[in-house]
Amino acid sequence: MLALFRKPSEDVSSGSRIDLSLPIESAPYVVMDTELTGLQYRADSIVSIGAMKMTGSRIELNRTFYEVVRPRTELTSKSIVVHEITPSEAAMRPGIETILEGFLRFCEGAVIVGHFISLDLKFLSKEIKKAGFGQLKNPAVDTCMVHDWLLGQGNGFSSNYLGRMESKDLFSLARKFEVPVQGAHNALIDAYITAQIFQRFIVMLKKYGVRTLRDLLRIGKP
Amino acid sequence: MLIDEVIEFLGSVPPFQFLDGDALKSIAQNISMDFYPKGLVILKQNDPASEHLRIIKKGGVKVFMESESGEEIVIDYRGEGDTFGFLSLIGKDKVRASIMAVDDTICYLLDKEHAVKLMNTYPVFTEYFLKSHLTKYIDRTYSEMHNKSMFFGGSDRILFTSRVADIAIKDIVAVHEDATIQEAAHVMAYHKVSSLVIYDSNNFPVGIVTDRDLREKVVAKGRNVSDPVKNIMSLPLIRVDANDYCFEAVLKMIKHNIHHVLVVRDGILRGVITNHDLMLLQGTSPLSFAKDIENQHSLDGLAPLSDKLNRIIGLLLKEGAKASNITKIISELNDRLVKKVLEIAEKKYGAPPVPYCWIAYGSEGRKEQTFKTDQDNAIIYADPATPEQAEAAKRYFAEFSVFVRDGLVKCGFPPCEANFMASNPQWCQPLSVWKKYFLNWITMPNPEALLKSLILFDFRGLYGTLGLAAELREYLIRNLKDQNLFLAMMASVIMKNRPPLGFFKSFVVEKDGDHKDELNLKIRGIGPLVDIIRFFALESGVHETSSLERLQAMKETHPIVIELGEEIEQAFEFITLLRIHHQLDQMEKKEPLDNFINPSMLSNLEKKSLKESFQLILKIQDAITELYKAGMVAG
């Protein structure tokens with residue numbers, strides 16, 4: 001219904017965008033995570049994409065996206081340890097360009113949410129551009145930034161959750177908010193963990209006057 | 001892979017665990033998950049019907065309704081693995097009860113369409129929900145929403161809580177299908193039954209013949225009684241499962257316009273349930289019991305009734321009555337028994353020389369009796385005008401009280417071991433002596449005086465000239481004013497009974513003896529609460545004796561009650577209910593009753609509530625200690 005990304009070939013951009021006045025507890029989100037061969041923008045590439053839809057704080061376990069792709073660059077042993085995708089597994093997969101369209105469709109009409117999402121978006125945009133899909137137009141929210149903002153909201157949040165400065169990585173946050181964590185990093189599982197953390201944030205944010213998507217983007221846009 | 005987690009979870013909780021793998025998988029593929037912070041109202045009574053069935057993955061919720069008078073009635077607490085939203089899902093109109101998260105709660109949500117599909121495909125699914133939720137709603141709705149007394153009316157509810165097997169498993173009277181009508185009638189007359197099962201040659205029941213069939217199909221029609229009985233039997237056979245609730249039997253009787261339903265268990269015919277059985281069942285209600293008491297005129301008639309009382313309590317519990325309602329009913333029925341015994345005594349000994357009031361104290365005085373209740377009673381009589389009258393009164397009440405004590409023993413109230421009974425001359429005194437007792441205890445508090453005041457100060461007039469008890473209460477309140485030393489000493493006594501701190505971490509429970517590793521709910525839980533509430537009541541000059549009524553009376557005046565009254569009330573209700581349930585279990589297993597529970601047998605939610613109750617008690621005890629520090633040093 002909403003064109004959030006533009007295909008230069010068939011310009012479907014209707015100009016309609018996500019309604020930013022939607023209340024955060026009923027807005028559509030796609031929570032996503034990617035696994036990478038490494039963190040270097042030039043030298044590394046995407047291995048897998050995991051994502052799931054949320055409507056407000058409701059995680060739609062049945063509406064998920066998960067694809068492993070053949071990375072453009074070589075899988076390093078360092079990254080293999082993290083996500084447990086072996087080179088031979090990855091080699092059998094299609095290239096990212098074949099799944100990208102499906103993923104973009106999955107994201108249609110939703111706010112993209114992720115932990116340190118700017119990194120994922122950077123790699124994703126590179127591929128979108130390469131594949132000739134223009135650019136990703138969806139608004140995005142970084143759960144790490146939302147967390148930082150909540151920490152800054154004084155006693156309520158920090159006294160409840162011992163908001164002393166601690167690690168901000170996904171698993172640390174998961175522990176802090178009692179979200180169960182198990183096994184290796186996997187894009188879908190990590191997206192799921194992120195979704196569960198975001199679920200709790202939505203509730204807290206309302207308490208601090210963050211009501212609409214516009215408010216949310218103001219504090220969480222990467 | 002996320003689905004697997006859902007399947008694994010659902011596979012471990014009823015009713016989903018009854019479903020096969022494919023069904024579970026199809027549920028899991030249609031599930032979403034939501035998070036509700038503690039305190040959030042998830043569903044609100046009278047809102048549009050819920051679109052989802054919710055299964056609690058983590059946390060817990062409270063199900064409650066608001067009565068017409070705006071009072072909150074807690075229907076249920078649900079914990080991990082439990083579900084909610086079912087009734088509004090099938091009810092289709094609006095939400096019946098509000099649901100609030102009592103903890104940070106995560107739920108799986110199954111949308112309406114799939115939930116309904118499941119119900120239609122798997123009867124076991126629907127059945128489970130109906131049994132576990134619906135009856136609770138019906139009971140609570142009837143008894144509390146419309147403020148109907150549990151005591152009068154509402155005996156219908158028993159139909160929802162008794163199983164067919166409880167009343168209708170008995171020998172079956174049957175004949176072969178080749179028997180004649182006359183032979184069949186003969187068998188029925190011989191066994192004095194109103195229905196007869198007809199078997200075929202394979203020993204399968206094929207029909208039933210009832211009095212009505214004989215009347216309508218034989219006598220009225222002038223049919224030949226040597227015809228085969230199978231010509232007049234009723235078909236098809238309407239049956240209920242022995243495990244069904246009696247209510248279902250009633251439904252079938254109404255639906256098929258019959259008065260006899262076959263009872264089947266494991267596919268085998270086990271009995272016949274009749275409308276007469278159901279009528280008798282409804283006779284087991286508190287109301288009919290109260291009538292029973294009224295109709296007795298001798299101790300021998302009264303004595304057998306006390307057994308029946310315990311049965312009624314069991315039924316009330318199964319109906320899910322609130323603890324405070326149950327203890328109220330027990331007390332009310334016990335009061336009636338006692339009054340009846342007193343009436344019988346008065347008849348035997350003639351009118352008393354001076355007016356008197358029979359008082360009860362201890363748990364009886366607080367109207368907080370459970371199953372096992374010792375006698376705690378006394379007599380206050382009006383001050384005699386002359387020495388002769390004094391002598392006459394003394395003689396009269398001495399005999400009278402012994403007769404009542406023995407009568408009560410006969411009716412199932414064991415005598416008080418510490419001899420706190422009217423039959424003890426110390427507790428059978430004129431009003432002026434009682435006043436002296438109380439004044440002495442208050443002004444010269446020593447450990448013995450304090451102990452006596454803890455017991456006696458919960459007195460209430462039960463029978464006779466209640467004005468005497470009221471006057472003594474006034475006197476007590478007047479003389480307690482500004483008696484800080486007494487209050488401080490009392491505070492120090494009740495502070496000694498601390499609930500087990502760290503109960504759930506280290507399981508600090510009874511250290512040895514028969515009840516090693518168990519917790520005495522009466523002494524460690526109810527006791528401290530009752531003591532605290534009594535203390536506040538004495539401090540504030542409140543007339544009431546029941547703990548909950550005392551709280552009610554102080555809720556706008558006593559600083560601690562203003563702040564924590566509601567929590568105290570909930571803790572009190574909760575521990576009382578645990579205790580009653582425990583005793584009912586024991587009673588059903590024919591074990592001797594006690595107050596010891598094993599914490600490992602409690603559900604997570606129960607443990608949590610108990611822990612919170614203990615924390616509350618400690619908090620209040622600390623607050624009292626703070627206020628009365630000086631006095632305690634003196635004590």
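This is a predicted model: local features need pLDDT of at least 70, side-chain atom pairs count only at pLDDT 80 or more; totals for chains, interfaces and linings use all residues.
Which residues in α18(B) meet which residues in α20(B)?

From α18(B), the residues are B:Leu431, B:Trp434, B:Lys435, B:Phe438, B:Leu439 and B:Ile442. They meet B:Leu468, B:Glu471, B:Leu472, B:Tyr475, B:Leu476, B:Asn479 and B:Leu480 in α20(B). By class, this contact comprises 10 nonpolar residues, two charged and one polar.

Now to the geometry of the pair. Two packed helices are described by the angle between their axes and the distance between the axes. Helix α18 of chain B covers residues 431-443, and helix α20 of chain B covers residues 466-480. Their axes come within 10 Å and cross at roughly 25°. Angles under 35 degrees count as roughly parallel, and α18(B) is therefore roughly parallel to α20(B). The crossing of α18(B) past α20(B) is right-handed.

Let me place this pair in its chain. Chain B contains 27 helices and 20 strands. Of its 635 residues, 38% are buried. Among the contacts in chain B with a separation of 6 or more, 71% join residues 24 or more positions apart.

Finally, the contact between the chains. Chain A contributes 12 residues and chain B contributes 13 residues. On the side of chain B that touches chain A, α1 (2-10) and β1 (31-36) each supply at least two residues. The most comes from β1(B), which gives five residues. In composition, that side of chain B has nine nonpolar residues, three polar and one charged.

Definitions and conventions
Residues are numbered from 1 along each chain as its sequence is written. Chains are lettered from A and ligands numbered from 1 in the order in which they are written. Two residues are in contact if their C-beta atoms, placed from the backbone, lie within 7 Å. Helices (H or I, at least four residues) and strands (E, at least two) are DSSP runs, numbered from the N terminus. Ala, Val, Leu, Ile, Met, Phe, Trp, Tyr, Cys and Pro count as nonpolar, Asp, Glu, Lys and Arg as charged, and the others, Gly among them, as polar. Axes are lines fitted to C-alpha atoms, for helices over the stretch in contact, and angles run from 0 to 180 degrees between N-to-C directions. Angles under 35 degrees count as roughly parallel, over 145 as roughly antiparallel, 65 to 115 as roughly perpendicular and the rest as oblique. A crossing is left-handed if the near helix is turned anticlockwise from the far one by less than a right angle, and right-handed if clockwise. A residue is buried if 20 or more other C-beta atoms lie within 10 Å of its own, exposed if 12 or fewer, and partly exposed in between; C-beta atoms are placed from the backbone.
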